[in-house]
Amino acid sequence: MSHQSRRRNSGALDGVARLGTRVRPLAIVLFAACATSPAASTSARRVADPGTGTASMSMSPPSPDPRVGLRAGWFDAGVASWNMRLVSATKPSPSFTNPSTPGDARLKNSDLAFKGTTVFQGNYSGWQAWDVSDPRAPRLRAAYVCPGSQSDVSVYGNLLFVSAEATSGRVDCGMEGVPDTVSAARARGIRIIDISDLAKPKYVTTVQTCRGSHTNTLVTSPNDRANVYIYVSGSSGVRSSNELAGCSGSPLETDPNTALFRIEVIQVPLANPAAARIVSSPRIFAGLQAAPRHGEQAADLEARPAREPRAERGPTQCHDITVYPAIGLAGGACSGYGVLLDISDVANPRRIDAVADTNFAAWHSATFSNDGSKVLFSDEWGGGTQPRCRATDNPIWGADAIFDLRDRKMAFRKYYKMPAAQTALENCVAHNGSLIPVPGRDIMVQSWYQGGINVIDWTDPDKVHEIAFFDRGPMDGAKLSSAGHWSAYWYNGHIYGSEIARGLDILELSPSAHLSQNELDAAKTVRFEQFNPQEQPKLVWPPSFVVARAYLDQLARGSGLGTERVTALRGELAAAERASGASRRTALTGLAVQLDRDAGAAADARRVRMLAGVLRELAAQ
Amino acid sequence: MHAQLSRAVAAVVAALVLTSCASASGTRAIAGAGARTPAEQARVDGGRPAYTRSDVAFMQGMIGHHAQALVMAGLAAKNEAGSAVRVLAERIDVSQRDEILFMQRWLRERSETVPAVADTHAPHAAHAMPATSPTDHSSHMPGMLTAEQLAGLTAARGAEFDRLFLTYMIQHHEGAIVMVRQLFGSPGSGQEVNVFLFASEVEADQTAEIDRMRRMLLNKAP
């Protein structure tokens, strides 16, 4: 973090840093001539958003649901929130705003990546970098113009990786598109940018792929520190072999080298990122037979092939892959399937399980529980541009599906969908999210496009429930105009929402009946220097009294231990915290021994033991 | 063929000559080899990126194509389809109904001819569109069911309906994918952002559904 804050004022850049592969001297001269004073250009455009948030000490969600019937508007839409608060809403930079055409699809904001106090925000026309040292007033650091959609971003050290998929994307980042059906000017794949100096980002190279890159997943290997890897998911058409040698969109039966039915793995040598190249194209779907294992769904049983598949082909692509290196697994959301991959050999991921689901149209992305015992897949039915949260829509379509992970196999448990009915003017479906590091619970923040952002507790898949939300009214009161939250992620204490049309939202959770101040403070003890949500980090809580208090709050809320006992423990814990040295150690160890005994009779023995564990860690400090 | 595109390119060049770096509202820009900010680009093209006649024909054609899928899906319940086919048909109905609205919106916003869809239970689709329907082109589109095929499907019941529905919907979806590939094979087409996203989505969605329908069909084969 510290090196980031030192760099905070190193020449912020508003407007444009459109620096293609070969920056011409002329362009640099003109750029200098056009520069305005940094003071005038770096202030982020904060908008006063009339947040009407409420924090509630009641366990019941507000009724009627305040998300229903919100006023439409671009930057002045009605807002509803519960147990969370909007800290700032920052409009896109002027370079990425078209005031005359609300919802201009060229200017959609997409995914986020985090490094220190910088948030990178993809945009269909490039990307922007925000300094969020002060979450109340993000400052624009760079607005880099380079069209190509979706511009999903990942960051590692001084390198930014950006997905390019559209047939109009250019290697020189130009706006003019590529009208020719075969052209060397087209960029579809991964753009690599050197961001050592955010005032002057340097385009390193384009790693071209046959299908372009819809999303990308940065993967680090504990055994290979010289390289990082990028898993590329491409879901649009295969380009001509005249444009990129070897590309073929033929069926597997007629062309064993087809670009369908595979993902690409790019190796990036950190010492020489310009030499990044595709090192493997794993056929992770090979021999995939339908494995729909919702035994209770007759429709799934009907979809299962009863005999040797002949033209059995499986999905042609993945949409997104979430890797969880700490457990050596990845969840691939691949067309009609959710697949589980073993990534112990990072360059050669191997499929170990797959599920299909009648109620899932387009598997989108995966989030593992921190202990690796569950995985949540989302279904982006309709691709994120359709209104799929209307009162008339089937509540298990365009939803999340939670699976248990046992012996590296997936077993279906439950569906979950954001419950507030949205209008036909709001594109809405399950989309990107991440875990919130509350110890002892599985809590996650998730975006639902114009369905807003919500926070759910999915500790018990049978009792998934919402504990906080934030939502705006439709972008447009007369027609469906694509907007809403592309992603919502927890990063070092705040929730960052990438709003497709409205910019960057920063939110914070409020303590409530569902989440105590101690739990919230405990979550804030987990910090990362860098965070790419598709490379899920293992959450580890440094031993602290606040983590212990968070467990006590949970034991009280869930009646995991008798009320009087919890009260007594609170007092003893506070006394231990006031003590120091040997007497603190003795008190903590003594409490831990008592808790071991308590666990025998406790309704939630596991949590009591977790608390004892924290106290022992504290005693050992 | 590409009149719109050419006009837009000409406008872009003109604007480039006129504005070297600063715009009226003070946004800086790099002037260089075609370098503009997206905001400047939007001012140049009036917020409507260039598109081609092939893009328009794709949208107009796909409305008719989708409309036939709605007719097919609408038969599932009354023709006693099995549960898997009913679920599939329901999802196709919702998906393609929404997509028709999207395509109609795209055409309307560009003042292009908007094909109507004769569909009584789509209140949103029923108003605010001219009643010009290029149904005469429909039969030429890849994957469209012939009158005989449609009659056969309409007459089938139960397991026979399921088999025909899956067979014909695979044919129909494969036709839609051919239309997407024809679009991208046409110079300058599929460049407009909405067209690219929508066409790519049609290809991805329908490919997944074809895979699923093949499996369902395989399981039903005697």
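Visitor: Where does A:Y449 lie in chain A, and what makes A:Y449 count as buried or exposed?

Guide: In this predicted model, A:Y449 lies in the loop between strand 24 (443-447) and strand 25 (453-457) of chain A. A residue is called buried when 20 or more other C-beta atoms lie within 10 Å of its own, and A:Y449 has 29 such atoms within 10 Å, so A:Y449 is buried. Its phi is near 55°, a positive value in a residue other than glycine.

Visitor: What makes A:S559 buried or exposed?

Guide: The cut-off for an exposed residue is 12 or fewer other C-beta atoms within 10 Å, and A:S559 has 12, so A:S559 is exposed. The place of A:S559 is the loop between helix 6 (545-557) and helix 7 (563-578) of chain A, and the phi of A:S559, near 50°, is again a positive value in a residue other than glycine.

Visitor: Why is A:W74 called partly exposed?

Guide: Partly exposed covers the counts between the limit of 12 or fewer for exposed and that of 20 or more for buried; A:W74 has 17 other C-beta atoms within 10 Å and is therefore partly exposed. A:W74 sits in the loop between helix 3 (38-41) and strand 1 (79-82) of chain A, and, leaving aside neighbours within four places in sequence, A:W74 is in contact with A:P102, A:M475, A:A501 and A:R502. The C-alpha atoms of A:W74 and A:P474 are separated by 8.0 Å, although these residues are 400 apart along the chain.

Visitor: Which residues of chain A are joined by a cis peptide bond with omega of about 0°, and which by one with omega of about -5°?

Guide: A:S63 and A:P64 are joined by the cis bond with omega of about 0°, and A:P64 is placed in the loop between helix 3 and strand 1 of chain A. The cis bond with omega of about -5° joins A:S149 and A:Q150, of which A:Q150 lies in strand 7 (residues 150-156) of chain A.

Visitor: What makes strand 20 of chain A mostly covered, and how many bridges join strand 20 to strand 19?

Guide: Six of the six residues of strand 20 (residues 374-379) are buried; A:K374, A:L376 and A:S378 point one way and A:V375, A:F377 and A:D379 the other way, with all of them buried. Strand 19 (residues 363-368) runs antiparallel to strand 20 and is joined to it by five bridges, with A:W363 opposite A:D379. These two strands form a hairpin with five residues between them, and A:G372 in the turn has a positive phi of about 75°. Strand 21 (residues 400-406) of chain A is likewise antiparallel to strand 20, with five bridges, and A:D404 in strand 21 is the bridge partner of A:K374.

Visitor: Why do strand 15 and strand 18 of chain A stand at the edges of their sheet?

Guide: The sheet is an open one of four strands in the order 15-16-17-18, with antiparallel pairing. Strand 15 (320-324) and strand 18 (350-356) each have a single partner strand, so one side of each is left without a neighbour in the sheet. Neighbouring strands of this sheet are turned by 20° against each other on average, direction ignored. Strand 18 pairs with strand 17 (residues 337-342) of chain A over six bridges, and A:A356 in strand 18 is the bridge partner of A:Y337.

Visitor: How many helices and strands are there in chain B, and what span should helix 4 of chain B have?

Guide: Chain B has nine helices and zero strands, and buried residues make up 50% of its 222 residues. At 1.5 Å a residue, the 27 residues of helix 4 (residues 83-109) should span 39 Å, and the end C-alpha atoms are 39 Å apart, which agrees. Helix 4 is mostly covered, with 19 of its 27 residues buried, and just after helix 4, B:S111 takes a positive phi of about 55°.

Visitor: What makes helix 7 and helix 8 of chain B roughly antiparallel?

Guide: The axes of helix 7 (residues 147-155) and helix 8 (residues 158-184) of chain B come within 9 Å and cross at roughly 150°. Angles over 145 degrees count as roughly antiparallel, and the two helices are therefore roughly antiparallel to each other. The crossing is left-handed, and B:Q149, B:G152 and B:L153 in helix 7 meet B:L164, B:F165 and B:Y168 in helix 8.

Terms used: Residues numbered from 1 in each chain as written. Chains lettered and ligands numbered in written order. Predicted model: local features only at pLDDT ≥ 70, side-chain atom pairs only at ≥ 80, totals over all residues. Expected span 1.5 Å × (residues − 1). Pairing = 2+ DSSP bridges. Axes fitted to C-alpha atoms, helices over the stretch in contact; angles between N-to-C directions. Parallel < 35°, antiparallel > 145°, perpendicular 65-115°, else oblique. Left-handed = near helix turned anticlockwise from the far one by under 90°. Contact = placed C-beta atoms within 7 Å.
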